[in-house]
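Q: I have a structure to go through and I'm new to this. Can we take it step by step?
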2 protein chains.
Amino acid sequence: MNLTQTGMSLTSMLSSELKSDLDAVNGMLRERAASEHVNRIRKVAAHLLGNGGKRLRPLLTLASARLFDYNGQDHILLAAAVEFIHAATLLHDDVVDESEKRRGKLTANLLWNNQSSVLVGDFFFARAFQLMVRASAPRSLAILADASATIAEAEVMQIVAAQNLETDEARYLQIAKGKTATLFSAAAEVGGVVASAYEHETETLAAFGKCFGTSFQIMDDLLDYKGATKSLGKNVGDDFRDRKMTLPVVKAFSAADAAERKFWLRVIKEGEQRDGDFEHALELFKRHGTLEQTYEEAVRWSNEAKERLDGLPSKQPRELLAKLADLILSRAS
Amino acid sequence: MNLTQTGMSLTSMLSSELKSDLDAVNGMLRERAASEHVNRIRKVAAHLLGNGGKRLRPLLTLASARLFDYNGQDHILLAAAVEFIHAATLLHDDVVDESEKRRGKLTANLLWNNQSSVLVGDFFFARAFQLMVRASAPRSLAILADASATIAEAEVMQIVAAQNLETDEARYLQIAKGKTATLFSAAAEVGGVVASAYEHETETLAAFGKCFGTSFQIMDDLLDYKGATKSLGKNVGDDFRDRKMTLPVVKAFSAADAAERKFWLRVIKEGEQRDGDFEHALELFKRHGTLEQTYEEAVRWSNEAKERLDGLPSKQPRELLAKLADLILSRAS
């Protein structure tokens, strides 16, 4: 993701404690992404991990651990592990989507090749695994292992659902939660686990992360239609060209009249896209208020995330979590 | 791999105890490969895990555990985890190699698409991770996490080395050990670990697996030139077409005269391959005795594997390990 325009305010939100935690995570990512033997890995890693990701998932882990006064170092290991899992899925997504831009730079698979993206992704996933094993938090291993399986399952579900106009909002949400919210949820939960929070508290953190991540994914899908290429850092319209059944299309299709249904059938199911189709899709969204409804859905999940925080200790890291839930709604808008 | 012709003898080698262990592993693979939500995963899994793999790696885990009188059930979890890691690397290799046949069937990436191969591979890797976490053998987690990182590193090393005629035998062995022998080594080691063997014993098991796997990889590379398509279950000549620097080419290039060097430069480095080139490569191998030397190298590693067994309890599972080290030399020969 790209929060360039909000990057400054994000940094200013962090306590000095969390700033130094985040520096430690970045240091660990740099150190562990390097491969003694293989220069190629170092290059792909620098390309992916070095270019302005805002480390939202690690921040959830760090803030959750600090919320329960954790004063060890294992939260750094877990936060870095979470970011490695995220980086691995980005690399594999690029192969799957054949996307050309990520965070405003060319993706690794075009700079090198699909082979490197697949294998360096595997390497990052293994690195995540090594880091988790080093942390003294056995339950966090199960949480992150389960999350990894759920993410992969949802990604397969997504490619099966693509181009399928029968995908409804329930199915869309199942995929969004599986592929995206699961890792935010696990990231927040393991922060509580490593800090020995009570089970009802780690469950609350997990629920917060789930709602947060759902809002995040809806905003991501919204911005693929709404954002400007420059500020979003990826090509607007990629999802349309990939014929993905993201929330705007799901909503517009369910509100469509006969002529509009014919349009969606042609561009999404049959994949016959012509010049002007993307602009026509935007017009249909405008006619039905689709993008506004999509944004409202993101707001609802963000609000639900913040409500979950009521059950947690009222301390500075909790305020940060609430602010992050606001921040994701203001991305490039 | 395919040991169809030796499959019967492999089964007859197993004690009833190991036969029932292996059945349990197969049952667990079937159960855990299924996905409640995603039919596509079940199909790819059935395609890959159901078709006659001989489960060599799980057998190393099971035999190693039984060698130290292990009588729990966690060796089943670890053996299944090892096979899932192997299956994940096969799926990702198919994308990387763009290979068309695996075990005599069309590969998953051609039957479905690259997307499914990448994502189901990720799902298998996550499944492996879940199984390991369930086993009560913390040290095995570190062993398998380290193995996973080493494998991915070596795979990247391999694509960087491909087409590079400067690859020498030392580099070839480094790659073969990294990408293949590492998992055999870890498979044997975790069997000892779960059975609470002494450290010098688990080290011996790891060393056995490393030599065993090195022999296995050399035989694999030999058979890509020597085997008949039908018995090997993959297309002979794939490595040649992919311009891989496997041991036969490394040896033939180092023995080449000026004209032969020109040939290798053209077909491997420059990739200009014409009709009859593969046959000419086979002629050059004949001229220099390359395939015989390659086979002898595999025999040396197999013998070294068997020598390592001297340090282990003299029981039936040890005999099985020795027989397996013989068996890999008789593949399709």
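Predicted model: local features only at pLDDT ≥ 70, side-chain atom pairs only at ≥ 80, totals over all residues.
Q: How many salt bridges does the structure hold over all chains?
A: The count is 24 salt bridges over all chains. A salt bridge here is a side-chain nitrogen of Lys or Arg within 4 Å of a carboxyl oxygen of Asp or Glu.

Q: OK. Which side chain meets Glu17(A) in a salt bridge?
A: Arg66(A) does, at 3.5 Å, N to O. Glu17(A) lies in helix H2 (residues 16–33) of chain A and Arg66(A) in helix H4 (residues 56–67) of chain A, so the pair ties together parts that are 49 residues apart in sequence. Helices are DSSP runs (H or I, at least four residues), numbered from the N terminus.

Q: Is Arg66(A) buried or exposed?
A: Buried, with a relative accessible area of 12%. Glu17(A) counts as partly exposed, at 39%. Buried means under 20% relative accessible area, exposed over 50%, and partly exposed in between (1.4 Å probe, protein chains only).

Q: What does Asp21(A) do with Arg66(A)?
A: They form a salt bridge, with the closest N and O atoms 2.8 Å apart. Asp21(A) sits in helix H2 of chain A and Arg66(A) in helix H4 of chain A, 45 residues apart. Both Arg66(A) and Asp21(A) are buried.

Q: And which residue pairs with Lys315(A)?
A: Asp69(A), again in a salt bridge, with the closest N and O atoms 2.8 Å apart. Asp69(A) is exposed, at 54%, while Lys315(A) is partly exposed, at 31%.

Q: Which residues do shared partners join into one network?
A: Glu17(A), Asp21(A) and Arg66(A), through salt bridges.

Q: New topic. How many aromatic pairs are there over all chains?
A: A search of the whole structure finds 24. Rings of Phe, Tyr and Trp (its six-membered ring) pair if their centres lie within 6.5 Å; planes under 30 degrees apart count as stacked, over 60 as edge-to-face and the rest as tilted.

Q: Give me an example.
A: Phe123(B) and Phe124(B) form a tilted pair, 6.5 Å centre to centre, with 45° between the planes. Phe123(B) is buried at 0% relative accessibility.

Q: Why is the pair of Phe208(B) and Phe212(B) tilted?
A: Their planes are at 45°, so the pair is tilted; the ring centres are 5.6 Å apart. Both lie in helix H10 (residues 199–226) of chain B, 4 residues apart, about one turn of the helix.

Q: Last one. Where is Thr167(A)?
A: In the loop between helix H8 (138–161) and helix H9 (169–194) of chain A. Thr167(A) is buried, at 7%. Its side chain reaches the backbone oxygen of Asn164(A) at 2.7 Å.

How values were computed:
Residues numbered from 1 in each chain as written. Chains lettered and ligands numbered in written order. Heavy atoms only, no water. Helix = DSSP H or I, 4+ residues; strand = E, 2+ residues; numbered from the N terminus. Polar contact = N/O pair within 3.5 Å; in protein donor to acceptor, adjacent residues only side chain to side chain.
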